[in-house]
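Please take a tour of this model in your viewer, one selection at a time. Each stop names what to select and then says what is there.

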Amino acid sequence: MENVAVIGASPKEDRYSNKAIRMLAEYNHNPIPVAPKHKEIEGKKVYRSLEEIPKKIDTVTMYVGPARQKTIIKDIIKLAPKRIIFNPDTENKDAAGQLKSAGIEVVEACTLVLLKTNQY
């Protein structure tokens, strides 16, 4: 089971980040919601930042736009997960270069599609 940090997690069921939390769990992964404004999403404890997560993170899936990613990218580099998935509209070429240089695989794709098509 892979630990997956869901950056920009939302309690709103129509949001893709919420759908990702539910689908990751459905596909036997451990989604870990990360959002500064919430305490619990889909029955899971929400962490305010990546630094608060006490578990090793294998994958980060991004649901925050590039304008708000600067600190998050630094935290991801410190965390050193195997990969990051930039979902549609979160792509960030500058950050992708930094992450690749740090040895982190960068994927630009939809987490939901990756799961549904067995490419995750």
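The stops below cover a helix, a pocket and the salt bridges.

This is a predicted model, in which local features need pLDDT of at least 70, side-chain atom pairs count only at pLDDT 80 or more, and totals for chains, interfaces and linings use all residues. Residues are numbered from 1 along each chain as its sequence is written, and side-chain values use heavy atoms, with hydrogens and water left out.

**Helix 1**

Select 16–26, which is helix 1; helices (H or I, at least four residues) and strands (E, at least two) are DSSP runs, numbered from the N terminus. Colour S17, N18, A20, I21, M23 and L24, which are buried (under 20% relative accessible area, with exposed over 50% and partly exposed in between; 1.4 Å probe, protein chains only). Past the helix, go to N28, where phi is positive, near 65°.

**The largest pocket**

Select G8, A9, Y63, V64 and R68, the closest to the centre of the largest pocket among its 31 lining residues. A pocket is an open set of points on a 1 Å grid over the protein atoms alone, where a 1.4 Å probe fits, with protein on both sides within 12 Å along at least five of seven lines; lining residues have an atom within 4 Å of a point. Its volume is about 780 Å³, that is, the space filled by probe spheres set on the points, which are joined across faces, edges and corners.

Which helix gives the most to this lining? Helix 2 does, with 3 residues; select 70–79 to show it. By class, the lining has 14 nonpolar, 9 polar and 8 charged residues (Ala, Val, Leu, Ile, Met, Phe, Trp, Tyr, Cys and Pro count as nonpolar, Asp, Glu, Lys and Arg as charged, and the others, Gly among them, as polar).

**Salt bridges**

The whole structure has 3 salt bridges (a side-chain nitrogen of Lys or Arg within 4 Å of a carboxyl oxygen of Asp or Glu).

- Select E2 and R83, whose N to O distance is 3.8 Å. E2 lies in the segment before strand 1 and R83 in strand 6, so the pair ties together parts 81 residues apart in sequence. Both are buried.
- Select R22 and E42, with the closest N and O atoms 3.9 Å apart. R22 is partly exposed at 33%, and E42 is partly exposed at 36%.
- Select K78 and E51, at 3.6 Å, N to O. K78 is exposed at 62%, and E51 is exposed at 56%.
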